[in-house]
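Hello,

Could you take a look at the structure below when you have a moment?

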Amino acid sequence: MTVSVEEFRDDVRGWLEGNLERIPADVPPRGGEAVTDEQVAASRVIQRRIFDAGYAGLSFPVEYGGRGLGVDHERVWREEARSFVIPTFGGAGSVTMGPIARSMLAHATPDFLARHIPKILAGEELWCQFYSEPAAGSDLAGIRTTANRDGDRWVLNGSKIWSTGAHQADFAMCLARTDWDAPKHRGLTWFAVSTHAPGVDVRPIRQINGASGFCESFLTDVAITDDDLIGEVNQGWSVAQTMLVYERGAGESGAQRVEPLELAPDLVDLARKAGRECDPMARQAIARAHINDFAQYHLGRQIAARLQRSDTPQPAVAAYGKLAAGMLSPIRARLGIEIGGAEALLWPKDAGETDTEPPTPALNYLNGRMVSIAAGTNEVQRNGLGERVLGLPREPTFDSTKPFREVVRDSRNWNGRVG
Amino acid sequence: MTVSVEEFRDDVRGWLEGNLERIPADVPPRGGEAVTDEQVAASRVIQRRIFDAGYAGLSFPVEYGGRGLGVDHERVWREEARSFVIPTFGGAGSVTMGPIARSMLAHATPDFLARHIPKILAGEELWCQFYSEPAAGSDLAGIRTTANRDGDRWVLNGSKIWSTGAHQADFAMCLARTDWDAPKHRGLTWFAVSTHAPGVDVRPIRQINGASGFCESFLTDVAITDDDLIGEVNQGWSVAQTMLVYERGAGESGAQRVEPLELAPDLVDLARKAGRECDPMARQAIARAHINDFAQYHLGRQIAARLQRSDTPQPAVAAYGKLAAGMLSPIRARLGIEIGGAEALLWPKDAGETDTEPPTPALNYLNGRMVSIAAGTNEVQRNGLGERVLGLPREPTFDSTKPFREVVRDSRNWNGRVG
Amino acid sequence: MDDAITDDQRMLLDASARLMADTCPLERIREKAYADETFAVAYRRQAADLGWYSMLVPESLGGGTISGNGVLDAALIAYQRGRLLQPGPFVGTNVVAYALAIGGSQEHHGKVLAALMSGEVSASWVVTDSPGAPAMDGVVSATRTAAGYRLSGDATFVEDPGPDGWFLITAAGADGPGLFLVGRDDPGLRVEPLGSLDITRTFLALHLDALDVPESSLVENDGSAADLIDSLLALACVLMTAESVGAMDHELAMTVQYAKDRIAFGRPIGSFQAVKHSLADTSLLLEMSKAIARAAAQHVGDGDGYGPQAASMAKAFVGDCGIDLAQSCFQTFGGIGFTWEHDQHLYLRRLTSDAAFFGDPVWHREHLCQLSGI
Amino acid sequence: MDDAITDDQRMLLDASARLMADTCPLERIREKAYADETFAVAYRRQAADLGWYSMLVPESLGGGTISGNGVLDAALIAYQRGRLLQPGPFVGTNVVAYALAIGGSQEHHGKVLAALMSGEVSASWVVTDSPGAPAMDGVVSATRTAAGYRLSGDATFVEDPGPDGWFLITAAGADGPGLFLVGRDDPGLRVEPLGSLDITRTFLALHLDALDVPESSLVENDGSAADLIDSLLALACVLMTAESVGAMDHELAMTVQYAKDRIAFGRPIGSFQAVKHSLADTSLLLEMSKAIARAAAQHVGDGDGYGPQAASMAKAFVGDCGIDLAQSCFQTFGGIGFTWEHDQHLYLRRLTSDAAFFGDPVWHREHLCQLSGI
């Protein structure tokens with residue numbers, strides 16, 4: 001039973017008006033992804049209400065509690081819900097609804113999905129990724145966390161880092177090496193792990209901006225079963241490929257969700273505060289920022305459309321959106337600092353700000369490289385674009401065919417001489 | 001017998017005043033390296049006069065017709081001679097006096113030097129390099145021109161490209177492969193070849209700016225002897241290392257020879273013509289260009305001083321100067337176009353300019369990448385700096401140990417998989 | 001840029017591509033074949049048959065779009081043109097045709113617009129003073145005379161419409177700017193051929209020394225010329241930008257192919273990260289340029305009020321990216337790119353000139369600020 | 001930057017480096033140890049013994065250089081300080097010491113200059129208004145009163161000299177700018193502590209609401225304050241630039257080491273061209289920064305008339321390069337660089353702040369044009 005986009009808009013409007021609160025006009029939108037535990041708890045309540053009304057998981061299958069609608073309906077919801085108080089689960093929320101839920105849908109068993117997806121949509125289960133490791137950052141497949149078979153159980157050991165919102169998550173989707181004698185990409189497997197299970201120790205990381213949106217986790221003899229498998233044993237890399245597409249926001253990552261028409265309002269505001277709105281250099285900088293925003297938004301739209309027209313996941317094409325964000329985010333942050341000058345670098349202490357929690361332009365500046373590094377550095381995106389989109393000849397690889405055990409050993413004796 | 005710098009300055013002044021003509025005040029200095037055959041002929045006469053008076057080859061050994069003085073004396077000569085009509089042999093002149101003569105001094109036999117250096121200093125012999133090849137550009141050691149032993153002769157076959165001023169040169173210093181079964185760098189040898197020898201065909205290349213300062217040459221069964229060897233057989237790569245230092249102008253390449261104190265006069269002039277000298281953006285561009293010029297000059301001075309303090313040739317350190325020039329030259333050329341606008345992109349046809357010979361800003365723009373590419377691209381410089389100055393781990397090499405014959409074969413089947 | 005288009009648009013583009021490849025490939029551009037008027041007219045007539053000069057003209061005047069958004073249709077043609085650096089004022093002709101359709105008299109429609117649409121003649125919009133900024137208030141001055149107007153002043157960066165061509169001249173009058181249609185062969189007009197970095201187009205300077213033109217040469221005389229000029233600039237920017245994006249697309253493709261074929265150090269150079277990453281970045285610039293060019297065409301064509309902003313944004317963004325791309329491709333080609341015989345310099349020259357034509361990126365960024373009310 | 005120096009200069013730098021490593025390494029910076037006045041005074045006294053605050057003061061007043069070029073000597077110390085992001089207004093103290101030596105009264109010499117040179121107290125030069133440009137004509141206003149002057153206005157980007165410290169305030173009077181020496185503890189002065197991106201220094205805003213100062217607070221009262229202010233700016237720029245270059249040097253060294261040690265894809269990451277070439281480019285920025293910083297110190301120290309230009313050039317160049325370098329090193333560190341515990345953010349913060357302190361690159365480029373007469 002499909003509902004037209006316009007009909008749907010009317011439904012949404014009516015329901016929102018009657019069931020959610022409007023955002024008070026005087027609350028400024030706040031950057032950053034960190035949310036408090038109280039916010040998470042309150043959000044679970046609102047999410048439940050949305051779920052019960054049938055507006056959660058609009059594009060998720062009906063059998064798992066979703067509505068089975070398309071991206072147009074999702075956009076309508078976003079547009080209409082913008083001025084209402086909707087759930088904010090912070091980073092964990094985006095990760096749960098994006099890469100995690102999407103790759104589960106593609107790879108997990110129906111039984112697994114029936115157990116978890118409805119609870120995710122209802123706000124009962126918040127997830128995080130146990131993916132990156134201290135020694136496996138850009139080298140995503142260089143996972144050293146190990147899952148050993150022990151009777152009918154698996155036993156996990158290792159450490160994970162950069163798990164967004166793990167301290168507020170209920171479960172983690174965890175990548176582990178299940179075969180050290182296979183080549184690197186062929187010995188990996190994904191598991192669901194409760195963050196409250198014995199042997200799981202989750203610690204927030206203090207970031208350079210003073211916030212703690214990410215965690216480091218230590219896994220010591222954590223026991224799980226085959227029911228917790230997501231995808232098949234040793235096929236973890238193909239799950240990761242799906243995940244990657246959604247990590248990169250299907251081409252829209254980092255870009256604004258609504259066409260940016262107003263000239264970089266944050267920077268215009270900053271220029272006014274700095275008395276520079278008539279300064280030709282500041283005006284150039286403002287225009288540059290807005291033009292980049294606009295171009296990035298439309299790149300995202302074009303890439304998303306291209307991905308939608310294609311049948312198979314194309315993480316390499318999605319890399320355009322990721323790389324654009326990774327290139328432009330630090331530029332925009334720096335333009336802010338340059339436009340603002342002392343206005344951005346210094347701030348009144350009595351406004352309740354501390355050294356470690358600076359106001360927006362400085363905060364953006366410190367966070368500017370986040371998208372250039374996290375979830376695949378700019379360099380990794382460039383390799384992918386070069387090889388898989390432009391079809392350029394491969395980089396020589398030293399870790400693709402031999403057992404991963406040997407890769408680790410040989411990397412310590414690098415001399416570069418091949419022939 | 002040393003002469004103090006100040007005493008020397010007096011000598012030079014007196015001699016210049018009495019023997020060379022002053023440059024008429026209304027002749028603007030002209031960019032580009034191309035000189036006419038007539039200019040070359042006239043320059044030979046002046047050079048002879050300078051040689052006879054003892055001012056040629058100031059830093060060359062006395063036994064080969066030089067003066068055995070230092071760089072300070074050379075600087076004095078440059079400063080004093082600036083306003084006089086001195087020889088202009090174009091590109092071939094710089095190459096002859098720089099990389100060619102310097103690497104001969106370091107590697108050729110005394111007999112060879114006695115035969116050639118005095119003639120070089122006297123303006124009788126103009127040289128060029130037969131070095132780059134169509135298939136050996138950045139990959140300088142990838143030489144395919146072959147010298148085969150034939151009795152007591154060597155027979156050369158192959159083709160060379162980008163030989164500066166070869167059409168006006170008397171001799172070429174030619175790199176050839178003398179052993180195809182040795183690793184790439186160990187089978188190369190340098191020879192002196194007369195450009196008028198049978199089998200040598202030199203053709204000017206038409207460049208994108210319409211000029212023809214470089215040549216392509218074809219060598220067909222060109223016969224030479226052991227007397228023409230420069231350095232030892234199969235030791236050509238160590239000669240090339242010396243040459244490279246002087247190719248890069250001992251750190252000063254591309255930078256101005258005198259400290260640039262005046263604010264980018266060419267760009268100020270262009271901005272005035274374009275009515276933009278009060279335009280804040282144009283002023284920023286002008287200042288940027290001048291600051292870069294100034295920084296580049298002082299980098300050159302620092303690098304040159306560092307090289308002088310060192311005992312061994314350090315082509316890797318000299319790469320700083322080359323890379324700076326390669327980075328800044330296109331930027332400066334583009335600033336010119338941006339400052340000038342239509343003033344730089346368009347010009348009156350009746351001023352005798354044709355499409356293929358544009359005025360200075362456009363000419364500079366077309367030539368802007370010359371130093372970014374010629375004599376080692378920016379990329380090659382970065383590799384050198386990264387590995388030999390910063391000490392970073394080597395790039396994997398596929399052409400360093402196996403016979404060059406196999407390198408050529410294997411390159412056609414690249415798949416990148418090593419381990 | 002032609003990623004998601006209708007079947008009709010695809011047919012138009014394919015036919016246009018065939019026309020260009022057959023009639024005016026790069027060898028013809030190098031020979032300046034278009035300077036020969038017989039060649040030029042024949043080429044334009046074939047192009048006109050495909051609708052190249054009709055997309056911005058309403059059906060009632062003999063024009064018509066393919067998709068309903070004539071600006072997007074024209075931009076797609078411009079994009080194809082750019083790929084092979086096609087000569088002639090396609091942008092100018094379309095912009096002037098639009099101006100005449102909107103603001104011209106019946107005489108203009110009958111005498112000039114029809115000839116533009118049929119490819120008989122070309123036209124250029126004259127709006128640029130030295131050093132190259134659009135003079136939206138008028139590039140020359142217009143004063144009232146008994147029989148019409150007297151135009152005085154100089155203009156530059158005018159693409160040559162060729163014999164019998166037309167200029168639409170933006171002039172500053174007492175009550176604001178106006179647009180005047182003047183024949184290239186008007187004896188009172190001094191037309192000065194210019195040398196140019198871009199050797200794929202032919203540019204002129206115009207010198208108007210008290211040129212008397214009749215009342216009838218005025219286009220859009222109901223006082224709203226300033227709005228029309230804003231629209232013309234937006235159109236010119238969208239079409240110029242689309243041409244640049246086409247040139248960028250073709251040049252990058254040539255460069256990627258070279259990086260696959262060229263061997264150094266025992267490997268194809270495209271296997272080196274230095275080359276691969278540079279090409280990936282360049283490819284991103286291209287994709288963003290396509291996206292913004294298309295978005296601008298859409299906004300301008302939709303007439304949703306955001307056209308002027310979007311067009312200036314696209315012009316500024318693509319202006320910079322075009323030069324970045326050409327410079328970066330040049331670096332990848334290395335030495336071979338310095339030879340006259342190699343095509344890269346034709347693209348470098350064109351893209352560099354395109355960036356300044358109808359206003360350089362700096363001008364458009366400032367213009368954007370003004371349009372946005374700061 | 002300390003490539004070719006005299007043996008005496010080498011000894012000074014080595015002793016300074018030891019002092020900093022022993023007394024105030026990065027862990028102390030993170031703890032804000034310098035905010036403790038006991039720590040600060042002890043640190044400054046040891047530094048003063050090495051001559052940190054005496055290089056710009058003539059021997060007749062108790063100062064003295066190491067090499068004959070006191071500006072170069074002070075710049076070399078600044079360079080060493082920058083490597084470990086040392087706290088405290090070294091630049092301000094030296095600049096104010098110079099101003100007092102040149103233009104101060106005997107009372108200034110006895111009461112303040114001696115205390116600055118001995119490390120007893122620090123000083124800051126107050127010349128910056130919001131949003132951060134040097135106000136060469138005066139950042140506050142000065143009007144004559146019966147007993148002296150009345151100063152009014154606000155200033156920002158003032159490094160905190162700590163208790164008992166001094167401000168040299170640039171004020172606009174009826175006859176041009178003047179310089180006034182005011183104690184940090186003057187009860188009429190409102191001193192506002194600021195939060196700052198740079199957490200290695202402490203910055204203040206000053207609010208002067210009709211602050212009455214005695215005649216004796218005026219420094220350089222013979223009417224040539226404008227020239228002196230030009231000199232102070234040149235000195236401040238040279239010393240700030242040298243501090244930045246030191247920070248750049250140290251940060252790049254950390255990054256290169258990381259690129260050698262960190263393994264990914266079975267190789268050290270420094271073996272990838274993407275990382276290697278970025279570091280090579282960054283290393284070039286550093287070498288050029290060293291060269292221009294040294295050249296500026298030389299020109300300013302030689303007093304050859306080119307000092308103000310050279311200083312503004314160095315400030316502009318190194319300002320941009322410092323941020324470029326920090327950003328590029330951050331990218332090489334990747335994830336680890338986001339952690340509070342890693343040192344890279346301290347360098348990023350400091351270099352970003354340095355770029356704007358005493359005028360950002362845009363301001364100095366415009367200033368250069370003005371100094372050059374266009």
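First, some reading conventions. This is a predicted model, in which local features need pLDDT of at least 70 and side-chain atom pairs count only at pLDDT 80 or more, while totals for chains, interfaces and linings use all residues. Residues are numbered from 1 along each chain as its sequence is written, and chains are lettered from A and ligands numbered from 1 in the order in which they are written.

**Chain A as a whole**

Chain A has 14 helices and nine strands; helices (H or I, at least four residues) and strands (E, at least two) are DSSP runs numbered from the N terminus. Its C-alpha atoms fill a box of roughly 65 × 55 × 45 Å along the principal axes.

Of the 419 residues in chain A, 52% are buried. A residue is buried if 20 or more other C-beta atoms (placed from the backbone) lie within 10 Å of its own, exposed if 12 or fewer do, and partly exposed in between. Among contacts in chain A with a separation of 6 or more, 74% are between residues 24 or more positions apart; a contact means that the C-beta atoms, placed from the backbone, lie within 7 Å.

**Where chains A and B meet**

The contact takes 20 residues from chain A and 20 residues from chain B. On the side of chain A that touches chain B, helix α8 (residues 280-309) of chain A gives the most, with three residues. That side divides into seven nonpolar, seven polar and six charged residues. Here Ala, Val, Leu, Ile, Met, Phe, Trp, Tyr, Cys and Pro count as nonpolar, Asp, Glu, Lys and Arg as charged, and the others, Gly among them, as polar.

How can chain A be laid on chain B? A turn of 180° and a shift of 0.0 Å along the axis does it, with an RMSD of 0.1 Å. The two copies are thus related as by a two-fold rotation axis. The superposition is by least squares on the C-alpha atoms of residues with pLDDT of at least 70 in both copies. Also, 100% of the interface residues of chain A are interface residues in chain B, so the copies meet through the same surface.

**Strands in chain B**

Strands pair if DSSP finds at least two bridges between them. Strand β3 (residues 153-164) of chain B pairs with strand β7 (residues 214-225) of chain B in the antiparallel sense over nine bridges, and Ser163(B) stands opposite Cys215(B) in β7(B). Strand β6 (residues 200-204) of chain B also pairs with β7(B), antiparallel over five bridges; there, Arg203(B) has Glu216(B) as its bridge partner.

**Backbone details in chain C**

Most residues other than glycine have a negative phi, and most peptide bonds are trans. The bond from Ser130(C) to Pro131(C) is cis, with omega near 0°, and Pro131(C) lies in the loop between β1 (123-126) and β2 (140-144) of chain C. Lys32(C) has a positive phi, near 55°, and is partly exposed, with 14 other C-beta atoms within 10 Å. Lys32(C) lies in the loop between α2 (26-31) and α3 (37-50) of chain C.

Happy reading!

Methods
Two residues are in contact if their C-beta atoms, placed from the backbone, lie within 7 Å.
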